[in-house]
Amino acid sequence: MMRFRSLRALTLAFVLAFLVATIGTGFAIHTVTQQTIERLVDRRIEAVSDEVAGTFGDRSPEELVRRINAATQERDTGDIGFLLLDTDSRRLGGNIAKLRRLPLGFSTVAVKDKIAGLSAGRALVRDVGRGMTLTTIAETEPFDDYNAARVRIYLLGFGSIVLIVIAGMLVFVVTIRRRIGEMRRTVDAIIDGDMARRVPIHPSGGEFAQQAMAFNRMLDRISELMASISNVSNDIAHDLRTPLARLKSQLALSLRRAETDAQRDDLEAAIAMSDELLEMFAAMLRIAEVEGGDRRAAFAALDLAALADEVATMMQPVVADGDRTMTLDTAGPAEILGDRHLLGQMLVNLIENALRHTPPGTRIEIGIATTGRTAMLTVTDTGPGIPADQRKLALRRFGRLDASRHDEGHGLGLPLIQAIVRLHRGTIALEDAAPGLRVVIALPKGRNDETRTG
């Protein structure tokens, strides 16, 4: 069975099927009407021919001519044509001067037969004895060009129906497309972080309004559940930051009072763990802030290539201290709309992630390129990389890989980068650099005159 993958294809298929059905119906009505008229005319000329021919004994040429002349004078048969021919096809009588030779029985005559006053009709040719043939003709059109007028009537009638149906289909398609567009824009806004966006509900009610209300109720429920989950994690992060800060202060005070080196080492380790916990909670809150979408209001035009150059220059000493090398390759400006601070933090996190998970001597390459309406950022290293089956885990919050569980970090670096990319309506992918890891980020290009949408 054929599957229609779009509203346009379904509409075109319906219109085509309707046109075929309408044309077929019109042709069938025209054909049946024409056949019915011909049958009625055939019956009439057969009856008149029987009356003129009479019985076998009354079929002398003179008698047949007399009957023909009488029939042409009568009101009921005055519109019928007659032609009586002898054995040599010479005209003996009738009101038709000349006619092509027709076969015995019923046949059709038309304008080409050049019969005065007749455009279309039926003829009956019969043998009336003594080698004579009697041709009886009657029109199948009540007036000249009746068939053409009937075709025009069909075109006008069925054409009006077709136009009405097509207009109705267009209204239907526009309405459906507008409703789908409203729902799609709502979904896009929610994906971009606007969890308060809802499908507009038309005040007139109806099925579309009920569908929109049901969809909005679902979004309300999802929003409530997501808010509950987000509030739990945010509340935990907020509530624990204060006691952790106090704990760090107490540990610092104890460190100053420590009397032995062993006590100092233990307290310094505890302070370092406190710092790591505070950093983790700060990263959690940072991700929640980015995913909220509020930062999109501060988007402005910027050159991603120039920003990458600034960050690379700033991070170059850190990379060199880690016994690694870093290069930047840009193919010209890459204009985008975005939050300069967040994108700068994203670049720093990418470089720090490469430094944290690669051995000394690793080469880090940053590339900026543009393709169509997309700006491409790639950060490639020659380290151990990430196995293909663990790349999704690496983008998950607290997604610590087996090989890095004993390294420093809290598993929130790449998730924060992913949140920043999503805020900018971009995509992120982890690829195999053979050897090493390649992080590919695609961001939509922008211009100063573009309007910002939330």
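This is a predicted model: local features need pLDDT of at least 70, side-chain atom pairs count only at pLDDT 80 or more; totals for chains, interfaces and linings use all residues.
Leaving aside residues up to four places away in sequence, I441 touches M346, L350, A375, M376, L377, I417, V421, T427 and I428.

Where does I441 belong? I441 is one of the 43 residues in the largest nonpolar core, and together with M346 and L377 it touches the most other members. Several elements give two or more residues to this core: the helices α6 (304-321), α7 (340-356) and α9 (413-423), along with the strands β9 (363-371), β10 (374-381), β11 (427-432) and β12 (437-444). Which element gives the most to this core? That is α7, with nine residues. Elsewhere there is a second, separate core of 17 residues, and I45, I68, I80 and L124 are among them.

Now step back to the whole chain. Its secondary structure comes to nine helices and 12 strands. Of its 454 residues, 39% are buried. If you take the contacts with a separation of 6 or more, 60% of them link residues 24 or more positions apart. The chain exposes about 26,800 Å², and 58% of that area is supplied by carbon and sulfur atoms.

Next come the charged side chains. Side chains of opposite charge can pair when their charged atoms come close. In this chain, the count comes to 14 salt bridges. Here are three of them:

| Salt bridge | N to O distance |
|---|---|
| E182 and R179 | 4.0 Å |
| D261 and R264 | 3.0 Å |
| R363 and E365 | 2.9 Å |

Take E182 and R179. They are three residues apart in helix α3 (residues 146-191), so about one helical turn separates them. Are these two buried or exposed? Both E182 and R179 are buried.

D261 has 57% relative accessibility, so it counts as exposed, because the cut-off for exposed is over 50%. R264, at 30% relative accessibility, counts as partly exposed.

What about R363 and E365? R363 is partly exposed, with a relative accessible area of 39%, and E365 counts as partly exposed too, at 33% relative accessibility.

Methods
Residues are numbered from 1 along each chain as its sequence is written. Side-chain values use heavy atoms; hydrogens and water are left out. Helices (H or I, at least four residues) and strands (E, at least two) are DSSP runs, numbered from the N terminus. Buried means under 20% relative accessible area, exposed over 50%, partly exposed in between (1.4 Å probe, protein chains only). Contact means heavy atoms within 4.5 Å. Accessible areas come from the Shrake-Rupley method with a 1.4 Å probe; for residues, only the protein chains shown count as cover. A nonpolar core is a set of buried Ala, Val, Leu, Ile, Met, Phe, Trp, Tyr and Cys residues joined through side-chain atoms within 4.5 Å. A salt bridge is a side-chain nitrogen of Lys or Arg within 4 Å of a carboxyl oxygen of Asp or Glu.
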